[in-house]
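Hi,

Here is the structure I promised to send over. Have a look at it first, then read my notes below.

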Amino acid sequence: MYRALNQWTSPPGFYRHSGRALPWLWLSFVAVFAAGLAGGLIPASPDLGQGTAYRIIYIHLPAVWMAVFAYMVMAGSALIHLVRRDTLADIWAEASAPVGASFAVLALLTGSLWGKPMWGAWWVWDARLTSVLILFFLFFGYMALRSAMDDRRLAARASAVLVLVGVVHVPLIHFSVIWWSTLHQGSTVSPLDAPTIHPGMLIPLLIMALAFLLYYLLVCLMRTRCAILEREHRSHWVMELARRKTA
Amino acid sequence: MNEFLPIGDYGFHLWVAYGVVLVVLVWNVLVPLFRHRQIMRTVAGRRGGRNYSADIREKHKSPV
């Protein structure tokens, strides 16, 4: 059992095993994403008040969820790194940041494109919108801090502390629509209550969320593999691999 | 496109939103793909003997 775990948590082992998982991850992401797009765009039922703009929900909500999810995974990895000095955990946290930042940007952009026709404004300083913007700045601050420090070990520890401090912000995103009176609507799908939308919309929404989750895993895996190669570029197995790949 | 899919009002906003998502998703996949290939080439020593460590350090300066 321990040996099996060790095969995955040592960087070369992780590189080897994840290489086998990649094609499957690709395949399942493409299939689920296609299903999500079809489920979101094809059914012919424009919303009474919103016309067709409501279809933005299928990308907007999963993007917010994944931004928060990526941040929580980063925080978990940062904690593991701080406690166990685990290299792989740090690499994973580093790989998560740009993906999480991308999801936060997508949430803001799609929200803006939805807000313009519905609220008449691209942006309002609303509690929900502002809290997601702060989440984006947390991701960005993390990346900036890392790239600003030359000492890799110090950068890993300092950025891990930054992520963990930022965790206090996450509940704020959820409760922002409850605590402050906002223009943004309340939660449509919440883990605590029954969803307030029709199953015909809920199912494509969940499929899209799954697609985004697979995408997050896929990109993080790809980035992690690159980071492993960069860190171990002097070791025999990487040179051997490069020789074979480029031969 | 409007004949193919039942879009109606606000079609422009909808397509831009989905388009932006697609662009960002593709970009995020291309970055590690090219990086991987680059590393393989550099390690295999196909870049005219350039110092690999310097290459990597240069890479780390970019925010993405």
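The axes of α8(A) and α1(B) come within 9 Å of each other and cross at roughly 20°. (Axes are lines fitted to C-alpha atoms, for helices over the stretch in contact, and angles run from 0 to 180 degrees between N-to-C directions; helices are DSSP runs of H or I with at least four residues, strands are runs of E with at least two, and both are numbered from the N terminus.) That angle is why the two count as roughly parallel, a label for angles under 35 degrees, while over 145 is roughly antiparallel, 65 to 115 roughly perpendicular and the rest oblique. Among the residues that meet here are A:Tyr215, A:Val219 and A:Met222 from α8(A), and B:Leu25, B:Asn28 and B:Val29 from α1(B). By class, this contact has ten nonpolar, two polar and four charged residues. (Ala, Val, Leu, Ile, Met, Phe, Trp, Tyr, Cys and Pro count as nonpolar, Asp, Glu, Lys and Arg as charged, and the others, Gly among them, as polar.)

Before you go on: this is a predicted model, where local features need pLDDT of at least 70, side-chain atom pairs count only at pLDDT 80 or more, and totals for chains, interfaces and linings use all residues. Residues are numbered from 1 along each chain as its sequence is written, and chains are lettered from A and ligands numbered from 1 in the order in which they are written.

Chain A has nine helices and zero strands. Of its 247 residues, 39% count as buried (20 or more other C-beta atoms within 10 Å of the residue's own; 12 or fewer is exposed, in between is partly exposed, and C-beta atoms are placed from the backbone).

Beyond its neighbours within four places in sequence, A:Ala67 is in contact with A:Gly100, A:Phe103, A:Ala104, A:Ala107 and A:Leu135 (contact means C-beta atoms, placed from the backbone, within 7 Å).

One more pair: α3(A) and α6(A) pack at about 135°, with axes 9 Å apart, and are therefore oblique to each other. Their contact includes A:Met74 of α3(A) and A:Ala156 of α6(A). Its residues divide into nine nonpolar, one polar and one charged.

Cheers

Methods: Contact = placed C-beta atoms within 7 Å.
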